[in-house]
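Subject: Structure handover

Hello,

Here is the structure for you to look through. Please open it first, then read my notes beside it.

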Amino acid sequence: CPPAGRLCTVLRCVGRRRAAIRYSGRAARVSCTMNPRLRPTMLSDLDWVISVENDAANRPFITPWERTQHEGALRIPDTRHFIVEAGADLPRAGFVILQGLRTPHGSMELKRIVLQRKGQGLGRACARLLKRMAFADLHAHRFWLDVKALNERARALYASEGFVEEGRLRESVRVHSASPCQSSAVTGSPSLQVTSGFSRMVMVRPSSLTPPFSAEGISAASSG
């Protein structure tokens, strides 16, 4: 059985020079087959959003919200809730929640990104789109997110896009487990385990927004 306690990594991009190299160098050479776009989430989307959150492929890596939390995110000026559309007919492929848009400190959080389609380059394409939005359109100084330490695939993707580890959160969240051997000795419950659920990954605004950054399509997406 895996240990009950897991680590949660916190990442940031340190230094403007390094950030600029990441944007125009290694990340720019990776080809993405998807061309996603964002549109504001509607109340009519929320049943689908909740179903994607609770999908067995996604639930272990996030802390699903109640419907009222999603409804609140649609109304709060500091938060943006988007549907990710991708593909020829632009079907719904996932959703994104951004927070901290009105903070005077320029620190914007990618609160959540959940994608239904896996293994097609959509995650990387969305990461690049969101970086463009954060720095080019919303003028953030710092862009960060939390990711569970057990989500190695996501951690590797963010690292390749310029995020670095900043710290670790230990045993910070309890998650339901289908395996009795993963139960927490602290709680004594066979359905719960203690994990370090999140990784904080932060990128500092690059000194110049060189390709692949452009503001094309960002203003329309962020106006909702």
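Below are the notes, from the whole chain down to single pairs.

**Ground rules**

This is a predicted model, where local features need pLDDT of at least 70, side-chain atom pairs count only at pLDDT 80 or more, and totals for chains, interfaces and linings use all residues. Residues are numbered from 1 along each chain as its sequence is written, and side-chain values use heavy atoms, with hydrogens and water left out.

**How confident is the model?**

pLDDT is the predictor's confidence in each residue, from 0 to 100. The protein chain averages 74. A score of at least 70 is reached by 64% of the residues. One is residues 1-32, with 106 contacts beyond four places in sequence in the model. The other is residues 210-224, with 25 such contacts. A contact means heavy atoms within 4.5 Å.

**The whole chain**

The protein chain has 6 helices and 10 strands. Both are DSSP runs, numbered from the N terminus: helices are H or I with at least four residues, strands are E with at least two. Of the 224 residues, 45% are buried. Buried means under 20% relative accessible area; exposed is over 50%, and partly exposed lies in between (1.4 Å probe, protein chains only). Take the contacts between residues at least 6 apart in sequence: 72% of them join residues at least 24 apart.

Strand β3 (residues 79-85) runs antiparallel to β4, with 7 bridges joining the two. H81 has I97 in β4 as its bridge partner. The hairpin of β3 and β4 has 6 residues between the strands, and G87 there takes a positive phi near 105°. β4 also pairs with β5, again antiparallel, over 6 bridges. There, L98 has L110 in β5 as its bridge partner.

**Salt bridges**

Side chains of opposite charge can pair when their charged atoms come close. A salt bridge here is a side-chain nitrogen of Lys or Arg within 4 Å of a carboxyl oxygen of Asp or Glu. The structure holds 11 of them.

Start with E53 and R112. Their closest N and O atoms are 2.5 Å apart. E53 sits in helix α2 (residues 46-53) and R112 in strand β5 (residues 107-115), so to speak distant parts of the chain, 59 residues apart. Both E53 and R112 are buried.

Which residues does E161 meet in salt bridges? One is R128, at 3.1 Å from N to O. E161 counts as buried at 0% relative accessibility. R128 is buried too, with a relative accessible area of 10%.

The other partner named here is K131, at 2.7 Å from N to O. K131 is in helix α4 and E161 in that loop, so the pair ties together parts 30 residues apart in sequence. K131 is also buried.

Last, R37, R39, D45, E85 and R92 form one network, joined by salt bridges that share partners.

Best wishes

How values were computed:
Two strands pair if DSSP finds at least two bridges between them.
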